[in-house]
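I opened my notebook to look up a few spots in this structure, one at a time. Here is what I wrote down.

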Amino acid sequence: MNTYIQLKPTIISSILVGLTSIVLLISCDNEDVNEVVSREGQTFVAGIADGLTTTVFEDEGEAISVPFSVGFTLNESANVTIDLTLENAVYGVDFVTEPDGASGQISLSISAGSNNPTIRLIPNVTEEVKDYSVMFEVSGVSGGLRLAEGSGVFTASVEDRTKNLDIIAFTSFEEPTAGATNNYEADDGVEQINKDGLNSVDYVSTGDELGFDFSYIPGEEGGEDTSLYWGVTNVLNEPDEWDLPFFQDGMQAYVASDADGLAEIVFDEVTIAPSTEILLVTLSTFFVDASWEDSDEFDVFWRTSDGDELLLSFRGDENDDMRDQPDGTGNVIENSWVTFNAFVQNVKTGRLVLQIGNNSGSELVFLDAIRIGVK
């Protein structure tokens with residue numbers, strides 16, 4: 001369910017060099033080889049040159065083509081079996097292949113007149129942070145084929161570039177004060193301030209967790225409201241009807257409901273060094289199953305001197321479900337903690353901004369475990 005910056009993947013050259021030459025340059029002194037080549041309807045499978053590796057980033061979901069081809073155009077149909085060896089990967093969870101390789105093998109049929117079948121590994125974009133690899137090796141051929149000498153193992157390597165980032169800013173809302181009532185009385189106007197005994201909606205950082213400021217978008221103020229849940233809340237004091245099993249990180253989180261307008265939470269500015277290549281925003285959400293409507297919104301931006309870059313955008317659909325729209329999958333994100341990784345394209349100094357618009361006390365969204373990482 002993830003949304004991502006479109007950085008170009010680093011692809012180690014994986015195109016087989018001179019596959020046809022593998023066949024043509026086999027020693028002419030080998031009478032068995034020459035005999036097979038000259039047989040009508042017979043040819044070599046050039047196979048897979050040993051030791052080649054292609055690497056892609058998992059978050060882009062870019063397919064890896066396996067460099068397999070036949071030395072000559074087939075005069076008759078043939079079949080090939082390719083064994084898969086997995087390292088730190090689960091078929092169907094981390095990746096799939098074309099043709100299907102769920103059994104641990106790919107069975108490939110090549111029709112007469114063909115010599116360049118398509119074999120691909122397609123990464124599944126997941127929230128789990130890990131690297132993995134899949135090795136492809138021809139284990140059998142039949143029909144009008146012979147396996148070329150020197151056919152070896154090709155490795156498809158998939159990396160998760162969210163690993164090993166330097167976390168330069170974060171908050172899990174542990175430092176601000178959580179109101180005992182989990183409630184907040186909104187003022188009639190744009191800017192909102194903390195009130196004694198109520199949830200903190202603003203926080204001035206002391207140097208560890210990010211500070212933040214809550215206000216309404218001018219012209220879309222919610223007006224005075226004494227019944228909304230908003231601001232930093234403590235799991236120990238949550239109302240029974242919330243029924244959250246836990247918060248994502250620690251004892252506190254930020255809750256938002258019944259904005260009756262379009263509210264904005266702006267976090268402290270984060271300085272990004274000019275040499276930074278990757279800027280990643282990670283946050284966790286818990287959308288309570290409720291009467292979310294098409295008019296409700298939850299948007300995440302990276303705000304710089306150039307303007308706002310949209311990172312994530314959630315909306316209700318015709319079934320009143322909050323769904324993950326950015327990646328086009330329509331994954332339901334209700335009633336569970338979901339962590340989103342959003343790569344920033346405009347990699348420069350900026351602020352994380354959340355805009356939330358809803359109009360019901362039951363339309364609760366919790367925020368937690370916000371991280372900003374760079375590499």
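This is a predicted model: local features need pLDDT of at least 70, side-chain atom pairs count only at pLDDT 80 or more; totals for chains, interfaces and linings use all residues.

**Entry: Ser360**

Which residues does Ser360 touch, leaving aside its neighbours within four places in sequence? I found contacts with Ser257, Asp258 and Ser291.

Next I looked up where Ser360 sits. It is in the loop between strand S25 (351-357) and strand S26 (365-374).

**Entry: strand S18**

I moved on to strand S18, residues 263-267. How many of its residues are buried? I got 5 of the 5, so the strand is largely enclosed by the rest of the structure.

I checked which way the residues point. Ala263, Ile265 and Phe267 point one way from S18. Glu264 and Val266 point the other way. All of them are buried.

Then I looked for the partners of S18. Strand S14 (residues 212-216) pairs with S18 in the antiparallel sense, over 5 bridges. I picked out Ser215, whose bridge partner in S18 is Glu264. S25 also runs antiparallel to S18, and 4 bridges join these two strands. There I found Ile356 of S25 standing opposite Ala263.

**Entry: aromatic pairs**

I searched the whole structure for aromatic pairs and got 21. A pair of rings is described by the distance of the centres and the angle of the planes.

I took Phe136 and Phe154 to begin with. Their ring centres are 6.2 Å apart and their planes are at 45°, so the pair is tilted. Phe136 is in strand S9 (residues 132-143) and Phe154 in strand S11 (residues 153-159). The two are 18 residues apart, and the pair links distant parts of the chain. Both Phe136 and Phe154 are buried.

I went on to Tyr184 and Phe214. This aromatic pair is edge-to-face, with 6.0 Å centre to centre and 70° between the planes. Tyr184 lies in strand S13 (residues 184-186) and Phe214 in strand S14, so the pair ties together parts that are 30 residues apart in sequence. I found Tyr184 and Phe214 both buried.

I also noted a cluster. Ring pairs link Tyr229, Trp242, Phe247, Phe286, Trp337 and Phe366.

**Entry: charges over rings**

Which ring does the charged end of Lys195 sit over? It is the ring of Tyr184, with the charged end 5.4 Å from the ring centre. I noted another case at Phe343. The charged end of Arg161 sits over that ring, 4.9 Å from its centre.

**Entry: salt bridges**

I counted salt bridges and reached 9.

I stayed with Arg161. Its side chain meets that of Asp59 in a salt bridge of 2.9 Å, N to O. Arg161 is in the loop between S11 and strand S12 (166-171). Asp59 is in the loop between strand S2 (53-57) and strand S3 (64-65). They are 102 residues apart.

My next pair was Asp249 and Arg371. Their closest N and O atoms are 2.8 Å apart in a salt bridge. Asp249 lies in the loop between strand S16 (230-234) and strand S17 (252-256), and Arg371 lies in strand S26, so the pair ties together parts that are 122 residues apart in sequence. Asp249 is partly exposed, with a relative accessible area of 26%. Arg371 is partly exposed too, at 23%.

I finished with Lys348 and Asp306. The closest N and O atoms of this salt bridge are 3.1 Å apart. Lys348 is in the loop between strand S24 (338-343) and S25. Asp306 is in the loop between strand S20 (297-304) and strand S21 (307-316). Lys348 counts as partly exposed, at 25% relative accessibility. Asp306 counts as exposed, at 56%.

Notes
Residues are numbered from 1 along each chain as its sequence is written. Side-chain values use heavy atoms; hydrogens and water are left out. Contact means heavy atoms within 4.5 Å. Buried means under 20% relative accessible area, exposed over 50%, partly exposed in between (1.4 Å probe, protein chains only). Two strands pair if DSSP finds at least two bridges between them. Rings of Phe, Tyr and Trp (its six-membered ring) pair if their centres lie within 6.5 Å; planes under 30 degrees apart count as stacked, over 60 as edge-to-face and the rest as tilted. A charge sits over a ring if NZ of Lys or CZ of Arg is within 6 Å of the ring centre and within 35 degrees of the ring normal. A salt bridge is a side-chain nitrogen of Lys or Arg within 4 Å of a carboxyl oxygen of Asp or Glu.
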